[in-house]
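Me: I am new to this structure. Can you walk me through how to read it?

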Amino acid sequence: MNMQHPDPGSVPVRDAATVMLLRDGSDGLEVCMLQRNLNSDFVGGAYVFPGGGVDPGDAGPEILEVCHGRTDEAASRLVGVEHGGLAFWVAAVRESFEESGVLLAAHPDGTVVSFADGTVAARFEAHRADVDSGRRGLAEICRQEDLRLTVGDMHYFSRWVTPLGAPRRYDTRFFVAAAPEEQVALHDDREVIGTRWLTPRAALSDHEAGRMTMIFPTVRTMVALDRFGSAREVLDHAAAQADVPAVLPMLRDEGGGLRLVLPGDPEGTGGVYDAITGEPL
């Protein structure tokens, strides 16, 4: 096995969360994709879903108080931890707000937060900058604007763990949520420099043709999403899942280049993939 890190066992595995913002377009299901900054030291230039590491503040009592529709107990049971599971949902909401400007939140009467009014949009752009910089927390923004994070409408879709040997490793929970019609996704021009809404089929086609780059979990997630005809179908599927097993690819050098192997062949494709393209071999 060709290890990319000189001491693979020393690389910590960090909890992370990402959310696939979904909508229905003229050609069917569309997903929001963000292009990472070309100078990023992690997958620079790649197209990703909004997401990042779970921070300690994502599990604090202040933020849990403004979550609606899902308890920490229920969330923890779903993601397979004793407690603190709701932090994965909160991290996904926070990262979506920071990176794409989309805030998955609603007022107590269920009205989704809208940025249609220019004054409101400007105010939330300032909130976004504050949360991104760490000047203020998302809980404080919610209290000020009388909002609740709609974690009950976000559903756990999949879980990917970075292979042993990678220089950075993450245990990432993937979520799905309907993109609010009252908001427009727009990259932050710092961590991410581009925003595209794509059908899974178009994303895979562009990746295969070299017009865009996606990392392995993103490619395989797009393959999974391509089975669905609408955002509602994806959400219903994710909501009905009682068990979401972790996918832990193994990195191997088989002489012809790096290969990623999915133990147990969960996709029924033979279980061996090109580490660069993400395509089955």
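Reply: Start with one residue; bear in mind that this is a predicted model. Leaving out residues up to four places away in sequence, L103 touches V93, F97, V113, F115, F124, L138, L147, L149, P180 and Q183.

Me: Which residues touch the most other members of the largest nonpolar core?

Reply: First the general idea. In soluble globular proteins, nonpolar side chains tend to be buried together. Here the largest nonpolar core has 44 residues, and W89, L103, L149, M154 and F175 touch the most other members. At least two residues each come from strand 1, strand 2, helix 2, helix 3, helix 4, helix 5 and strand 8. Helix 3 gives the largest share, 9 residues.

Me: At what angle do the axes of helix 4 and helix 5 cross?

Reply: Two packed helices are described by the angle between their axes and the distance between the axes. For helix 4 (residues 118-133) and helix 5 (residues 138-145), the axes cross at roughly 155 degrees and come within 9 Å. An angle over 145 degrees counts as roughly antiparallel, so helix 4 is roughly antiparallel to helix 5. Their crossing is right-handed.

Me: Which residues meet there, in helix 4 and helix 5?

Reply: From helix 4 come R123, F124, H127 and V131; from helix 5, L138, I141, Q144 and E145. The contact residues divide into 4 nonpolar, 2 polar and 2 charged.

Me: Why is helix 7 described as largely enclosed?

Reply: Count its buried residues. In helix 7 (residues 216-225), 9 of the 10 residues are buried, so the rest of the structure largely encloses it. Among them are F216, V219, R220 and L225.

Methods:
Residues numbered from 1 in each chain as written. Predicted model: local features only at pLDDT ≥ 70, side-chain atom pairs only at ≥ 80, totals over all residues. Heavy atoms only, no water. Buried < 20%, exposed > 50% of the residue type's maximum accessible area, 1.4 Å probe, protein only. Helix = DSSP H or I, 4+ residues; strand = E, 2+ residues; numbered from the N terminus. Axes fitted to C-alpha atoms, helices over the stretch in contact; angles between N-to-C directions. Parallel < 35°, antiparallel > 145°, perpendicular 65-115°, else oblique. Left-handed = near helix turned anticlockwise from the far one by under 90°. Contact = heavy atoms within 4.5 Å. Nonpolar A, V, L, I, M, F, W, Y, C, P; charged D, E, K, R; others polar. Core = buried A, V, L, I, M, F, W, Y, C linked by side-chain atoms within 4.5 Å.
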